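Hi,

Here is the structure I promised to pass on. Have a look at it first, and my notes follow below.

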Amino acid sequence: MAFPTPPAILAGRDLRPADLENPSAATLLRLYAWMHFARTADNRILDLFRQGLIKGTVTGGQGNEGLIVPLALLADKALDVVCLTHRDLGGHLIWSDHLCVHLNQYFANALSPTKAREGNIHRGDPKNRSLPMISHLGAMLGPVLGATDSQRRLGRPAVGFAFFGDGSSSTGDIHESLNLASLLSLPVVFVIENNRYAYSTPTSEQFAAGTELWRRAAGYGMEGFALDATADVVATARTLAAAIEKVRATSRPILIEAHTLRLRGHAAYDTCNYLKPGESDEFFARDVLPKFRAALAAAGHAAPLDALDAELGAFIEACIKVSLAVPRPNAAVAAMAADLFAPPSPPLPWKPEPATAENLTMAQALNRAHRKILAERPESIVLGQDIGVYGGAFKVTEDLLNEFGRPRVFNTPLAESACTGYAVGLALNGHRPIEEFQFADFSTEAMTQITLNAATMHFRSGAACPLVLRFPCGGNVTLGSFHSQELESVFLAMPGIKALYPSTPQDAFDALLAAYEDNNPVILFEHKALYRRGRHPVAWNPNYRDVWTPKKLRAGDYATFVTYGEMVHLAAEVCDYLAAEYEHTLDLFDLRCLSPLRLDAIHASVARTGRLVVLHEGRRTHGFGAELVAGLTEQNFAALKAAPLRIGSLDLPVPFAPELEQAFRPTKDKVIELVTAWMG
Ligand SMILES: Cc1ncc(C[n+]2csc(CCOP(=O)(O)OP(=O)(O)O)c2C)c(N)n1
Ligand SMILES: [Mg+2]
């Protein structure tokens with residue numbers, strides 16, 4: 001598809017600080033051209049929405065051009081990192097791609113850069129470090145921090161640009177991200193686009209501590225200032241240029257509160273009935289674009305301005321025509337399903353070490369796997385709370401800091417959301433982070449980052465997000481409701497996450513390598529009660545990728561028994577008991593991989609035995625076993641000789657006292673009782 005040739009003035013997408021000292025007519029006209037281009041594109045997108053040619057809704061950037069255009073022109077598009085918001089079409093147009101590509105996104109057609117899986121302003125350009133926005137305001141900042149840090153670690157003097165609105169400034173992620181950036185001394189320009197409203201809510205109803213949001217900077221130990229981006233474009237550009245240069249040179253973050261405008265309300269459907277009388281007129285009176293145009297015209301540029309307006313208008317119309325002619329998108333289910341996960345890459349060239357087996361606990365096996373990864377893979381980074389000097393709550397990361405040093409191994413603050421977002425950003429830029437959650441329970445703090453930002457990344461943007469999230473999980477350790485949970489059915493209810501759950505030290509060693517080299521977010525469930533349950537031989541296993549498939553631990557013909565995690569050991573004892581006492585032998589499978597499920601061998605077993613027992617530690621109702629039972633029985637229904645047996649914990653929070661916890665969770669005696677009753 002041939003795209004119309006852009007007007008020559010749009011060939012220049014950069015503005016250097018020197019250009020602003022005594023700006024030439026060409027510089028001023030270029031600034032104006034991009035602003036006018038962005039405004040006209042936004043206006044036409046609104047028209048097209050109203051005509052029903054664009055679906056969903058549109059959130060315009062009309063009124064924000066005085067900020068986003070100079071800033072995007074000043075950014076180094078070959079180095080810097082950005083995550084633009086729903087007011088920043090101008091930024092997208094400048095950062096990369098032809099207008100037609102952006103329109104294809106709005107029309108959600110066959111050439112949409114998100115393959116029509118996202119709509120309207122919800123896109124980025126990950127290969128050019130423009131990180132795709134997600135709706136969850138605040139959650140976009142962490143990835144900017146990570147990708148910017150990744151650039152710096154690779155020796156590139158990048159700056160990150162993190163945008164958020166006055167309303168978004170109320171989210172917890174903003175606090176976490178500002179703190180993290182300052183703590184790690186990351187060169188990030190934080191920009192608050194303060195247009196005085198969040199949807200219909202004025203700033204006065206958003207926060208009590210005044211409206212000078214930039215003053216928050218002091219609380220994070222960073223510089224901050226306010227900027228009126230509706231006044232003088234050149235002055236704004238100069239201020240931004242100085243700030244960017246400073247951040248680039250010092251690698252310290254900065255917080256800019258930019259006063260901007262929202263000329264068309266929140267979105268296309270907004271009636272703006274909440275505005276005070278005359279307020280809209282006041283907005284339009286402050287609009288910087290006509291003021292800039294009038295100043296340029298007064299300076300003698302009226303004729304080129306008219307010509308520019310005409311040329312840009314014609315170009316936009318030509319682009320709309322081209323993009324409107326693009327066919328509707330491919331709705332084939334197979335094509336969508338194929339993109340849920342980033343494709344597997346060849347195995348990494350691991351050294352076949354340790355060649356001789358050592359007797360290790362699971363915690364030690366995981367420690368060995370971390371050391372192997374850090375020693376052999378320069379792109380690896382290990383982060384988490386207390387994982388440094390202390391070696392982690394379960395000592396899995398012991399001595400890693402000593403051996404590999406900062407910044408490859410480092411403690412994170414108590415900020416699971418921003419830190420996971422930061423890890424997402426590292427992953428998007430070619431690093432491979434391994435993040436330890438102190439307890440799996442605290443991963444709920446990072447729910448949005450894991451399930452929406454990371455897990456949907458490949459499907460909606462085509463970018464790989466190789467991330468290992470280590471979850472010390474499970475009970476039987478008398479730690480109560482907030483340190484004992486099994487969360488697999490919570491996280492795996494969302495698409496796009498892989499998950500491994502090893503039950504032996506060797507499988508744990510293999511699982512960390514397999515998870516590490518995968519190009520997707522992988523949760524590694526590590527049962528706390530298994531960390532120190534005896535020492536077992538661990539060595540380099542060339543077939544480490546087998547952990548993605550179930551392992552058959554016992555063979556039999558009476559029934560098929562499926563379980564994972566700590567329950568594997570209990571199930572093995574139950575199987576031995578049934579063989580000894582009842583002469584019933586069972587096929588016992590350790591699932592090992594919870595996502596994506598590869599159940600072929602188990603299907604074959606159920607088809608042969610005709611009986612199924614599923615056991616897990618998480619709650620029974622809505623538990624992961626429901627999926628296993630459904631999947632395994634719907635395919636083998638005709639072969640079933642009995643109703644499947646599903647065993648899990650009670651449908652309660654994990655209780656504290658040992659007596660209560662034992663009553664809550666499956667124990668060997670209870671499982672034997674349930675299975676023998678089921679056997680009849
Ligand atoms: C965490 C979160 N809660 C609610 C929403 C729904 N929502 C979308 S935009 C918006 C207002 C955002 O206001 P602000 O941050 O000031 O940005 P603006 O739209 O004014 O540019 C809201 C509430 C959201 N996207 N994210
Ligand atoms: Mg706002």
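A term to start with: a polar contact is a pair of N or O atoms within 3.5 Å; within protein, one must be able to donate a hydrogen and the other to accept it, and residues adjacent in sequence count only if both atoms are side-chain atoms. With that in hand, a backbone N or O atom of Ser-135 is 2.7 Å from a nitrogen atom of ligand 1. Leu-137 also has a backbone N or O atom 3.3 Å from a nitrogen atom of the ligand, while His-86 puts a polar side-chain atom 2.7 Å from a ligand oxygen.

Bear in mind that this is a predicted model, where local features need pLDDT of at least 70, side-chain atom pairs count only at pLDDT 80 or more, and totals for chains, interfaces and linings use all residues. Residues are numbered from 1 along each chain as its sequence is written, chains are lettered from A and ligands numbered from 1 in the order in which they are written, and side-chain values use heavy atoms, leaving out hydrogens and water.

Now for Arg-156. Its relative accessibility is 37%, so Arg-156 counts as partly exposed (between buried, under 20% relative accessible area, and exposed, over 50%, with a 1.4 Å probe and protein chains only). Leu-79 is 77 residues away from Arg-156 in sequence, yet their C-alpha atoms are 7.0 Å apart in space.

Cheers
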